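Colleague: I am new to this structure. Could you take me through some of its strand pairings and charged pairs?

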Amino acid sequence: MAVLFMVAVVISLPGLIHSFQPLFSFDGNSTTHRDITQRAVLRKTAEVCRDIAASEGRDFSLIIDDSLSADNVQRACSSTGTSTFLLSTVMFRTSIANMYFSNAKVDVVYALSEEHHFDDETFQGGRDVITAGVSAVKASVKLESFVAGRWTLGGVFHTLQDFYSHSNWVELGNNAPFSTLIKPDQPLENLAGLSTPTCRNCTGGNCDNNLLPDLLQQGLLTSGYFNVFSSAKPAGKCSHGGSFDLTSRHDPVGGISKDVVASSHGSLHHKAADLAVNATMELLEDIRLAVGDKNFLRLMGLSQSSVLCFVIDTTGSMSDDIAEAKRVSFAIIDSKRGTQQEPSAYILVPFNDPGFGPLIMTTNADIFKDNINKLSANGGGDIPELCLSGLQLALTAAPPSSEIFVFTDAPAKDAYLKSTITALIESSKSVVTFMLTDVLASRRRRRSAVGVSSRSMSQSDAQLYRDIARASGGQAIEVSKSDLSLVTSVIEDSSASAVVTVFQVVTNPGRPDNFTFTVDGSLRNMTAYITGTSSLTFDLTSSTGVSQSSSQSNGPLASFTTAGNLRRLSLNIDNQTGSWVIRVYSNNPYSVKVTGQSSVNFIFNLVEAHEGAHGDFSLMEGRPLSGGNASILVSVTGSDTVKVTEVTLFDSSGPTEVNGSLQSVGGGNFLVTFSGVPAGDFVIRLKGEDSSSTSRSTDSSFQRQASTHIKTSSISVTGQANNTNIEPGSTISIPFTVATTTNGVVNDSATGTFTVRANNDRSYTSTSPSTVTIAAGSGGKANGTITLTVPASAASGTDVTLTIEAENTAANDINYTVLRLSVAAKVTDITRPVCQVVSSSTSCPSSSSLCASSKWEFIANLTDGINGTGIETVTIRQGNGTLNTSTVAGAGGENITVATYSASCCSQNVELALVDIVGNVGTCVGQARESTTAAPVTTAALNTTSTGGHTESISHYLWISVVVSLFWK
């Protein structure tokens, strides 16, 4: 039985809620943006998988409704599809979370922006937000920047969904989405004018009938006005409503919001939410047609496997390392190609000095092979290399929770990026493992007879890499070049499906210690990794009391190999569920990591509460505050047999363990509350009971541990761009605030100076203050501004990750915020491709028994209009025939794509999807009919209306035997 735990760390409880609540509903009956997004994504993903299965002749038995879960959708979409197959929904769940977190962020960043919420009758402005966002998503997908596409898409979802809660579309009796919102070439009609009254006063607090009858009879569209600073609004206009909306106190009083069941029009809340789900699915269908089924599923994050990501030093001494990286990557590719475990993407970042990159990211294994084959070892110069710069590129490009492998034998020349790398690790929750070759035993690098430093790195050089590995839950594996091939099995281990961390600890300084971990019935292929000096020894004891010492390389509990500082143990856990113990004997630093394959896993995200008109929670891009209260929201999915019994924050350096109190908040969610989290470096540990029938024991205890460390800080850093989409050649300003906190609250009387660092992964030109100072009387805060300039040559769809850090003068406390931005060219082409039928031939017989012996055909000219960017793809959306396309020049010099479709008369329908270069989608639909004559008898005109109101008449002949219609989707 597949089980996933999603953990969100909550900084404080929310204030008042006044919107489609972003993430959580505490009234137990309202639908949130998170609910709407999840329902739409799961349903549309399942539909795409159903269609793919049908085209491949496979069964698809999943019922598509609002009861879908990530687990059953992913299993149904899997070609394996068996209940015994190890299924990991971590990537899918993380991707959905990215979308609903960016959805929720709109209520923070654009809380007072009427167009982002369709307030104040800003229908054109709201549609412009959607149009620009959808264009950016399609551009990101074209560059295979799926992570950036998800973040942008979630924000678009919010604006689209708010339309149904904030307008009177539902009250007008509509039962289908307002499709014009995602079709910018169609006019927005029947809008209430600025001088048109729309509402009357609510009576006795009842607003059910406050919309004017004339408005409803005429079918005019309006939305509520909203303002937290002023009660002014145009005469006779509706308000949004709620205690934060001052306009709702001004005649006509009350509101029309359907945000929650307690809203002014709360009786229509669920209908508005259902329409928002359908509208979100309609938008997803448009994106699906534009990018294709395969890329759509990648955008949704539907993948069984993680990425294969290598960051490789290419200087002169690395030829053996590069050869081994090639060998192990090729072995993984060749063994997993075409299987459920085939990597979802491949990332390669070379580095040396003075350069790093370019980043190669592809879903094509052969392209990855070709690029890694091209790597050669040369140069090297002054020994230190730009390792962290290369790692920064990988961390921002890889999907969250990826595993990244770094190959190097040199110290980092860019060690100043350590805090930036740590911030990106904490934000992305990716795991970084270093393959370090020829590390010296001494703390200082040797020098040759002529005074030149040797290539090998010292222990102090290697410590930087160990610190980064520890922060991510990875390992720093130190080995000779000749033995490197003996440790790269770690890479193959990580590429298996559904790998989970059961237990992990780093002990520095070293001390003998006992470590207990639980083996549960869902675990398979368990492996333990122990790193440390050659003098380290250990004992292993199973739940049944069987023991094995490190002197036995092949014993009753494990077989293990040793290479460099790594011992890799393959555990024998058959019929030995329960508590196991590893005893490590060493006074030097060491690490222990225990993994296995299981469908039971969890992910976590820091979120913070915010109050106001759109109050709830949003994703927190930084560290929790020392001494403050924190909570963890645990969402259990995939099985009713799992019970969470314990969630703790654990700091091994103390050791310190903070236990949380669990409270069920419904729907399989538990709020785990921590009071006064002390300063420290924590990991999340989760324990529970699973009595699933698939377990090897009747009632099995289990434990899981998060890889990424959570550090607390007494510094608060916040920052936000006014627009997350940046045009090429433009400069944006990002204001930020630094504050000192005590016990999780801003210290109003605090003063101090903080070092500021701002880094972006694209190396775009940027300015920022080097320090900010909190002065007396400033309320404990200091403000600054960062500018970022995007080159005019930047491609639309390029993602940019900006990290802003603040460090105290003692250099012992640091916090950060991470901003995700996208390069998005201004939308100039909003016209969808058009279809003009040229001819059709051969009528189909009236008897279906004769259909196989006859064929039908139609030919259409496809164009993208005078100002269009040009048709890029034409695909068969429906039909079992053959499509051929060619390009010819029209009379006016425009490119015309000639589409010729032929099919058996047993398949009498066709629908073609036409996509232009920027992703506008049109469709042509044809249907074969039995005919008594084949003569053309009429001329038809089809009208296409652009945003500017221009009407283009397209005349074409229709044969009686084939009826062709044009649909805009």
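Modeller: One term first: a residue is buried when its relative accessible area is under 20%, exposed when that area is over 50%, and partly exposed in between. Keep in mind that this is a predicted model.

Colleague: Is glutamate 121 buried or exposed?

Modeller: The cut-off for a buried residue is under 20% relative accessible area. Glutamate 121 has a relative accessibility of 13%, so this residue counts as buried.

Colleague: Which residue forms a salt bridge with glutamate 121, and what is the relative accessible area of that partner?

Modeller: The closest N and O atoms of the pair are 3.0 Å apart, and the partner of glutamate 121 is lysine 237. Lysine 237 is buried, and its relative accessible area is 0%.

Colleague: How many residues apart in sequence are the parts tied together by glutamate 621 and arginine 820?

Modeller: These two residues form a salt bridge, with 2.3 Å between the closest N and O atoms. Glutamate 621 sits in the loop between β18 (616-619) and β19 (630-637), and arginine 820 sits in strand β36 (residues 814-823), so the parts they tie together are apart in sequence by 199 residues.

Colleague: Is glutamate 56, the salt-bridge partner of arginine 58, buried or exposed?

Modeller: The closest N and O atoms of arginine 58 and glutamate 56 are 2.9 Å apart. Arginine 58 is partly exposed, at 28% relative accessible area. The cut-off for exposed is over 50%. Glutamate 56 has a relative accessible area of 51%, so this residue is exposed.

Colleague: How many salt bridges does the structure hold?

Modeller: The pairs discussed so far include lysine 237 with glutamate 121 and glutamate 621 with arginine 820. The structure's total is 35.

Colleague: Turning to the strands, how many bridges join β38 to β41?

Modeller: Strand β38 (residues 855-863) also pairs with β37 (residues 834-841), in the antiparallel sense and over seven bridges. Strand β41 (residues 895-904) runs antiparallel to β38, and the number of bridges joining these two is eight.

Colleague: Which residue is the bridge partner of leucine 862 in β41?

Modeller: On the pairing of β37 with β38, serine 839 has isoleucine 859 as its bridge partner. For leucine 862, the bridge partner in β41 is threonine 897.

Technical notes: Residues numbered from 1 in each chain as written. Predicted model: local features only at pLDDT ≥ 70, side-chain atom pairs only at ≥ 80, totals over all residues. Heavy atoms only, no water. Pairing = 2+ DSSP bridges. Helix = DSSP H or I, 4+ residues; strand = E, 2+ residues; numbered from the N terminus. Salt bridge = Lys/Arg side-chain N within 4 Å of Asp/Glu carboxyl O. Buried < 20%, exposed > 50% of the residue type's maximum accessible area, 1.4 Å probe, protein only.
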